[in-house]
Amino acid sequence: MKIREERPEEFGQIYRLVQEAFATAQVSDGTEQDFVEELRRRGGYLPSLALVAEKDGALIGHIMLTKTKWIDAKGEEQNALLLAPLCVKEEYRNQGIGGKLIAESCRRASDAGYSAVFLIGNPDYYTRHGFACIEQYGISPMPASLPLRNCMARELMCGALQGKEGSKVAIE
């Protein structure tokens, strides 16, 4: 298996991969594939942080990290990323592929100078990959109606989230 950047000519394949993977996911609203396309259109799309897992020439997993708005308690914007969505084809799940996609995308983001990654997801899964509830850091989600238990963060730089009480982050 190889992890690499997505390519524009694969966008159709990735759309179908995300759609198929989320059709059998534990949690899905059925629009994740459209969200991928929306994220690419937004100003925060970073092609170098949109990765695929490939095996024998077939795409079997996908992850995107895009820029997100993080306002600290002083009202200053911080550099942070949103992880959304992460998917692996059903027949390749529980083999560590999602974890490898997370690790590689976070490594690349750290190397690029980003300080933290935020997401909305299953705490039972993401805590195994270094994420913690943003409440632990005193950070609030935007919009405020998001389920706090599922709003998570991971520091890419040691101490990046310490002392950030009162911060707000857009994680949708």
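In α1, the residues F11, I14, Y15, V18, Q19 and F22 meet E32, Q33, D34, V36, E37 and R40 of α2. By class, this contact of α1 with α2 comprises 6 nonpolar, 2 polar and 4 charged residues. The structure is a predicted model.

**Packing of α1 and α2**

- The axes of α1 and α2 approach within 7 Å and cross at roughly 140°.
- The two helices α1 and α2 are therefore oblique to each other, since angles over 145 degrees would count as roughly antiparallel and those from 65 to 115 as roughly perpendicular.

**Nonpolar cores**

- In soluble globular proteins, nonpolar side chains tend to be buried together.
- The largest nonpolar core holds 29 residues, and the members that touch the most others are W70, F118, I134, I139, L161, V169 and I171.
- Two or more residues of this core are given by each of the helices α1 (11-23) and α2 (32-41) and by each of the strands β2 (50-55), β3 (58-71), β4 (77-88), β5 (116-120) and β8 (151-155).
- Helix α1 supplies the largest share of this core, with 5 residues.
- Another core, of 23 residues, lies apart from the largest one, and its members include L51, L81, L83 and A109.
- Beyond its neighbours within four places in sequence, I171 is in contact with T68, L82, F118, L119, I120, I134, P141, M142, L146 and C151.

- A network of salt bridges links K2, R4, R7, E10 and E54.
- Within the pair E10 and R4, the closest N and O atoms are 2.4 Å apart.
- Both partners of this pair are buried: E10 has a relative accessible area of 7%, and R4 has one of 8%.

- The side chains of E104 and R108 meet in a salt bridge, at 2.7 Å from N to O.
- E104 and R108 are separated by about one helical turn, because they are 4 residues apart in helix α3 (residues 97-111).
- E104 counts as buried because its relative accessibility is 19%, and the cut-off for buried is under 20%.
- D111 forms a salt bridge with R107, with the closest N and O atoms 2.8 Å apart.
- D111 and R107 also lie in helix α3, 4 residues apart, which corresponds to about one turn of the helix.
- D111 counts as exposed, at 58% relative accessibility, whereas R107 counts as partly exposed, at 42%.

**Surroundings of E165**

- E165 is placed in the loop between β8 and β9 (168-170).
- Not counting residues up to four places away in sequence, E165 touches A73, Y137 and G138.
- The C-alpha atoms of E165 and Q136 are separated by 9.2 Å, and the two residues are 29 residues apart along the chain.

Note on methods
Residues are numbered from 1 along each chain as its sequence is written. This is a predicted model: local features need pLDDT of at least 70, side-chain atom pairs count only at pLDDT 80 or more; totals for chains, interfaces and linings use all residues. Side-chain values use heavy atoms; hydrogens and water are left out. A nonpolar core is a set of buried Ala, Val, Leu, Ile, Met, Phe, Trp, Tyr and Cys residues joined through side-chain atoms within 4.5 Å. Buried means under 20% relative accessible area, exposed over 50%, partly exposed in between (1.4 Å probe, protein chains only). Contact means heavy atoms within 4.5 Å. A salt bridge is a side-chain nitrogen of Lys or Arg within 4 Å of a carboxyl oxygen of Asp or Glu. Axes are lines fitted to C-alpha atoms, for helices over the stretch in contact, and angles run from 0 to 180 degrees between N-to-C directions. Angles under 35 degrees count as roughly parallel, over 145 as roughly antiparallel, 65 to 115 as roughly perpendicular and the rest as oblique. Ala, Val, Leu, Ile, Met, Phe, Trp, Tyr, Cys and Pro count as nonpolar, Asp, Glu, Lys and Arg as charged, and the others, Gly among them, as polar.
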